[in-house]
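Reader: I have a structure open and a few things to go through. Can we take it piece by piece?

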Amino acid sequence: MLLNLRKYYRPRSIEAAVRLLSANPERCVVLAGGTHLLASSRRDVEEVVDISSLKLKMLKRENGAVHIGATTTLQSILENPRLVKFAGGILVGACRRNSVSRMVRNQRTVGGEICANWKRSDLAAVLLALSARVKLMTLSLEEKEMSISDFWSMPAFRNGRKGSGQVPPGLLLEIVVSAPTSSCAAFEHIEQIESQPSLVSAAAVLAFDGNRQCTEARVALGSFADMPCRLPQLESYLQGKVLTPEVIESAGSTGWDEIRPLTDAQASGSYRQAIAPVLIRRLLRRCSKEA
Amino acid sequence: MPTREFKSVHQNTRRVDSVKLASGKGTFVDDIKMDGLIHAKILHSPHAHARIKRIDVQEAERLRGVRCVLTYLNIPRVPYTTAGQGWPEPSPYDTVMFDSVVRFVGDRVACVAADSEEIAERALDLIGVDYEILPANFDPRKASDSGIPRLHLEPDKRGIHSPQRNIAAHVLADVGDAERGFAEAELVHEGEYTVHYVQQASIEPHITITWMDEDGRLMVRTSTQVPFHVRRIIAPLIGLPVQKIRVIKPRIGGGFGGKQEILIEDLCAMVTVRTGRPCRLEYTRAEELHAARTRHPQIVRMKTGVRKDGTLTAISMDILENTGAYGTHALTVQCVSGSRALSLYRFPNIHFEANAVYTNLPVAGAFRGYGSPQGFFALDSHMDELAEKLGLDPLEFRRRNHVREGEPTPIAEVLGEGREGYKQVIQSCGLDECIERGAKEIGWKTHRNPDPRAWILGPRVSDSSNAGISDLKSEISEKDRDSNSKQTNLKSEISDKDSDAKLKPTNLRSEITDKDSDARSKPSTLKSEISDLKFGVSRRLCRGVGMSCTMQASGIPGVDMGAAWIKMNEDGSFNLKVGATDIGTGADTMFAQVAAETLGTSPDKIIVYSSDTDMTPFDPGAYASSTTYISGNAVKKACEQAREQILEVAEEMLDPIKGTAAHPAGKESSTITRPDTKDLVVHNGKVCAPDGRFVTFDQVCLRSLYQEHQFQIQGHASHMSYDSPPPFCAQFAEVEVDAETGIVRVLRLITAVDCGVAINPKMAEGQIEGAVAQALGYALTEQMVFDEKGRPLNLSFKDYNIYTAVDMPELKSFLVETYEPTGPYGAKAIAEIPINGVAPAIANAVYNAVGVRIRDLPITPEKVLNGLKSLQLSQSSAAQV
Amino acid sequence: MKLSVALNAEQREFDVPANTTLLSLLREEAGCFSVKHGCETGDCGACAVIVDGRIVNACILLAAQVDEREVITVEGIPWVMASMSGAAQHNELPEASDVEGGAGHNSSDSNAASKSSFQNPEAFSREEHPSTYELLHPLQQAFVDAHAIQCGYCTPGMILSSLALFAEKGLIELPSIKRKTRVTPVRRKPGIKKLPPSEQEVREALAGNLCRCTGYLKPVEAVLRAAEELVSEG
């Protein structure tokens, strides 16, 4: 129960929404789907701005990129026939992995997920690998664009919840993902049963040239550390290489000495450490099949 | 085998309540509106062990809308047990409604009742508490050590075995001479097995609504398995005599033992008594997950003596049970662990010792199986280990040694539930057939892995020769994703590619069996194979098969007693009042079937009303697998009484002169004789005479109520038993272990149960399927986890993973029907037994798959992976020598 | 705050605090007891309801979020059925002959002069006494027949999840009193053949409905049975 929630707004324009948010930045929050907000028992929330009428629920492909409106639900991504093949299906795969519950997927929005649950979200890892960029409207009604990692580096995210004294970044409008031409993408995950959150997950988008050499590599790990992260060591190792079994084998042992794995109710850090190489090898193998 | 054709029993009668439940009408506890209802909320302790130095409720009391605040300062101190058991309860009286000491994170500190849940929540925030934090212990092994805090030293607490050593309960039982038995053995094997904290997780939380009626009596409408125990146990706590309390049990959203407890009724009732207002108290899911009840974790040490030919000579079983902060069900659960595990096989010499100790962790209570899942995890793992040492097939080893019809189970006599038991002799046992059916279904001869260590020598993942498998699998998973349809293309792909790839024999076997089982399996098996192929690319998948044999009981001998009343109505229907508690199990329907069978009518003519302390006779409640066997027999006896009366009235009516029954066409009255009651037969709502004349039930009742020698046709009976015939069960699991990650996937789970005659076979199947789903969680995914301060880490279903519809493996159940002469129409019990053997069957299957023995639950991927790595290490170091 | 919600064929007005959840609104203000409380975090599905054609969890929705929207609960199924072609409605008054185990009919009393009404209850037709007859949707009937209900607490949620699945697959149409604002779940090409869901699709549709009693086997069977029936009738 949001014990102190007193006011609910459903504005019809972005300007109106931004005005409401800036009037009470510490106690007024965005309500997209609500699966995270309403499942919390936050005492700091006094007002919510329901953005479902702002027409931010959009999904389109333009020039090889996919534009996802902030309030697009995970289920609508799953149901979109044109996204099944996009980037090896990793976007769709991550949305499916997010929850086995259709109820949750019908309500949960991509925007909500990357704002409220990005640290433990497989979808966040996939978006990292897809070089996602976000478009947002600041509280001073300026439209800004930035990479998703810059987005997550903003103080409001680094210091925990809103209401911690940091001014929120604004209203998320759109996420744009792209995959370079002649690239392959894969998404792998390990869990005991399908309904359980991933113990570890990983996404990769690799671009190849005519000689099957890797020209660009983006690999992100999810559910491994306390937030999704790229693997720069691995990415530079893959640069210029052909994905032979030997390369894949040694790739599995590269790349996370500096990343501390998480211990939680599901698994220990040392287990995650042990299976991450397995996961990476599977990921790269799948990529090499796609190529 | 059933000795005659049944009309109502042994039928798949539609449940009496399913229509209203399908319509969402339910009428569960919370499905009522009451004027003036106030809501209660509990303040729980944030500390694992602390003394309340100061508690200030003034500000909370002053908040507008707050009706009362309860703490240890304004509640009389009356020690009791929350265990829903018969009197005198075999659990220690170590609990008080509120105490000045809190003993686990989640323990009660205060209770607020207010006009709304929201106001109650706010009021909780306004209660000021100063705690003196005390040292806490979370390790049962240390519970009796010096320097470890003692939890219950207060002099007014009773029934604790040894407060000075933190031992809530202790049991010692011997049959024969175990030491001598070990001396006679040719092989002695020891093992230690541990089982963990899990939760019943019924989808409906604990909920109670109480109010005072016009006569100043307290009405308690609660989600409970034990209404009569609730009434008796809360009486002294709230200062009302039993006669001033009525407990009503409406529809219940699952219990599984979690509601065999007086968890919140006392608080809700106290609020009503203090304020005069109706009060509602419902647990949140977060509260359910740490402040309700759990299964008892145990550390079980087993030592068995055996001869080389497989005969057992002795067993010693030692249990260290963690009962959490309070000792509810502590003694009886460990007794059951012992008496079940030690009754199944012929052990001529038995030594059993068990200690239940206090720790500053959530309170363990009753949970389906009640000690059996723990005991059998240990026993069935142990039996497999023994079989391996002896070089015997584990199935044969079990078959050779299990108890049979006509044989006694000596441990049952010395080990009852909390007291001495009664001599038990097995009068029905279908275990052999259970084993046979299950073994055939799983393919014991074809699907057991002959070499569990083969994976170590298998192709390394990076070998190019292995590329065959990885290419193959990735192709399949691509197709799977693209096409969205599953079956036939894939099968042919597998068989084509297989012949190309160079594979080591055992891996090949698992590929081949894929094909084989594909060919004859139903779509759902195929689904599980494909969905796991979809998971990834290139891995070592190792399959194995394991089994377990288990037993339970039917009621607590010499303790459980149930009663029933039946009366007849003028349209040939009957009102059946039973004390027994249907918690979603279908008991009401089962009673209707038993009654209909006895009376000679159909189940839809029986109106069942159950579990109301004013309106129905006594019953201990839904636990100990007693409802069919004990309460069902009471129903049968009551109906037999009523049937006698029906026959007497019918006899009068069939008198040729004075009677009112019609004469059959063409027959002279002089040729008709008055039949004797013993020649009359009830059938289809009629009483039939040998000469073909009959009277209908409504005619009989009209006459008896209104016309001649008027009386109410009715029956009443109680039933208790010194027998407790065990149901038997054999379970088989096929698993697939990913040797790279330790992930265990259960492919198939076969259960064969001997429950005597199944009164309603479909309902019995439903019990099996539900119990198995719970047991899968117990074996693999469910685990209550705590941090170093004893704080629970899983407070929602996100972190406490129970199986969903997409996680289930293929299930098959068989009802092996025997005929239990002491049961109602040959029935025994089924509700608990199917949960007992799943975890050991899976553990045994994992061992068969990869040679890793997991002796502590749950079987997490981490434990399996660690086991795999040790094996690999020891193999490579052995190779180097 | 004031809310206007189309609930089960009726336009309803409510006035509730802003932090009221949809679950709370439905149970306490609208008397829809079929919507159950099993958790507070949208994990168990016992509170599942259909909002604008989509299945969602009422415990993690604010009542305000369904202002000007359309909600269907199990209480609305008679309305769902009334809008069906009429072919697949079922009458469930357990006839003695339906139930295995024999019949016990009331027969006329040959010596009694009077035929009191209590001996002849069939004198009243369904039209005259509709409340004594239970009209079940084929899906509900399938749950009953397949023994897919044990405690029944998760059943309303499963039934609505299944109905939402059927709507998606074109086996049924979810009615609406405000077609203009309703969101169509999945755009169906006209004339497309109705396909029953596969077992995997049914399991996926029910994956958000936790059940501790049944192990899901019989509920899945029930949904498949009902789907077959709807396909064959349509």
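Reader: How many helices and strands does chain A have?
Author: The secondary structure of chain A comes to 11 helices and 12 strands. Keep in mind that this is a predicted model.

Reader: And what are its spans along the principal axes?
Author: The C-alpha trace of chain A spans about 60 × 45 × 35 Å along those axes.

Reader: What does the radius of gyration say against a compact globule?
Author: The two agree. A compact globule with 291 residues would have a radius of gyration near 19 Å, and chain A has 19 Å.

Reader: What share of chain A is buried?
Author: Buried residues are 55% of the 291 residues in chain A. As for contacts in chain A with a separation of 6 or more, 63% are between residues 24 or more positions apart.

Reader: Which domains are assigned in chain A?
Author: Domain 1 covers 7–50, domain 2 covers 59–159 + 166–178, and domain 3 covers 183–290. The C-alpha centres of domain 1 and domain 3 of chain A are 36 Å apart.

Reader: Now sheets. What is the strand order in the open sheet of 3 strands in chain A?
Author: The order is β1-β3-β2 in chain A, and the pairing is parallel.

Reader: Which strands stand at the edges?
Author: β1 (7–9) and β2 (28–31) of chain A do. Each has a single partner strand, so one side of each is left without a neighbour in the sheet. From one strand to the next, the twist averages 25 degrees.

Reader: How many bridges are there between β1(A) and β3?
Author: β1(A) pairs with β3 (residues 47–50) of chain A over 3 bridges, in the parallel sense. A:K7 stands opposite A:E47, which is in β3(A).

Reader: Which helix packs on that sheet?
Author: Helix α1 (residues 14–23) of chain A, which touches β1, β2 and β3 of chain A. The direction of α1 makes about 145 degrees with that of β2(A).

Reader: Moving to chain B. How many helices and strands there?
Author: Chain B has 24 helices and 26 strands. Of its 881 residues, 62% are buried. Residues 24 or more positions apart make 80% of the contacts in chain B with a separation of 6 or more.

Reader: I was looking at B:V852. Where is it placed?
Author: B:V852 is in the loop between α23 (838–850) and α24 of chain B.

Reader: Buried or exposed?
Author: B:V852 is buried: 26 other C-beta atoms lie within 10 Å, and the cut-off for buried is 20 or more.

Reader: Which residues is B:V852 in contact with, leaving aside neighbours within four places in sequence?
Author: B:V846, B:Y847, B:V864, B:G867, B:L868 and B:L871. B:L871 is 19 residues from B:V852 in sequence, with 7.7 Å between their C-alpha atoms.

Reader: Back to chain A. How many residues of chain A and chain B are in contact with each other?
Author: There are 24 residues of chain A in contact with 29 residues of chain B.

Reader: Which elements of chain B give two or more residues to that side?
Author: They are α3 (117–126), α15 (467–483), α22 (761–781) and α24 (861–880) of chain B. The most come from α15(B), with 4 residues. By class, the side of chain B that touches chain A has 10 nonpolar, 11 polar and 8 charged residues.

Reader: How many residues does the contact take from chain C and chain B?
Author: It takes 59 residues from chain C and 68 residues from chain B. On the side of chain C that touches chain B, two or more residues come from each of β7 (134–136), α3 (138–145), α4 (155–168), α5 (199–206) and α6 (217–233) of chain C. α5(C) gives the most, with 5 residues.

Reader: What is the breakdown by class on the side of chain C that touches chain B?
Author: That side has 26 nonpolar, 20 polar and 13 charged residues.

Reader: Last one. What pattern does chain C follow along the sequence?
Author: Chain C reads β-β-α-β-β-β-α-β-β-α-α-α-α, with 6 helices and 7 strands. Of its 234 residues, 56% count as buried. Among contacts in chain C between residues at least 6 apart in sequence, 66% join residues at least 24 apart.

Technical notes. Residues are numbered from 1 along each chain as its sequence is written. Chains are lettered from A and ligands numbered from 1 in the order in which they are written. This is a predicted model: local features need pLDDT of at least 70, side-chain atom pairs count only at pLDDT 80 or more; totals for chains, interfaces and linings use all residues. Two residues are in contact if their C-beta atoms, placed from the backbone, lie within 7 Å. Ala, Val, Leu, Ile, Met, Phe, Trp, Tyr, Cys and Pro count as nonpolar, Asp, Glu, Lys and Arg as charged, and the others, Gly among them, as polar. The radius of gyration is taken over C-alpha atoms; the globule rule is 2.2 Å times the number of residues to the power 0.38. A residue is buried if 20 or more other C-beta atoms lie within 10 Å of its own, exposed if 12 or fewer, and partly exposed in between; C-beta atoms are placed from the backbone. Domain bounds come from an automatic or database domain assignment. Two strands pair if DSSP finds at least two bridges between them. Axes are lines fitted to C-alpha atoms, for helices over the stretch in contact, and angles run from 0 to 180 degrees between N-to-C directions.
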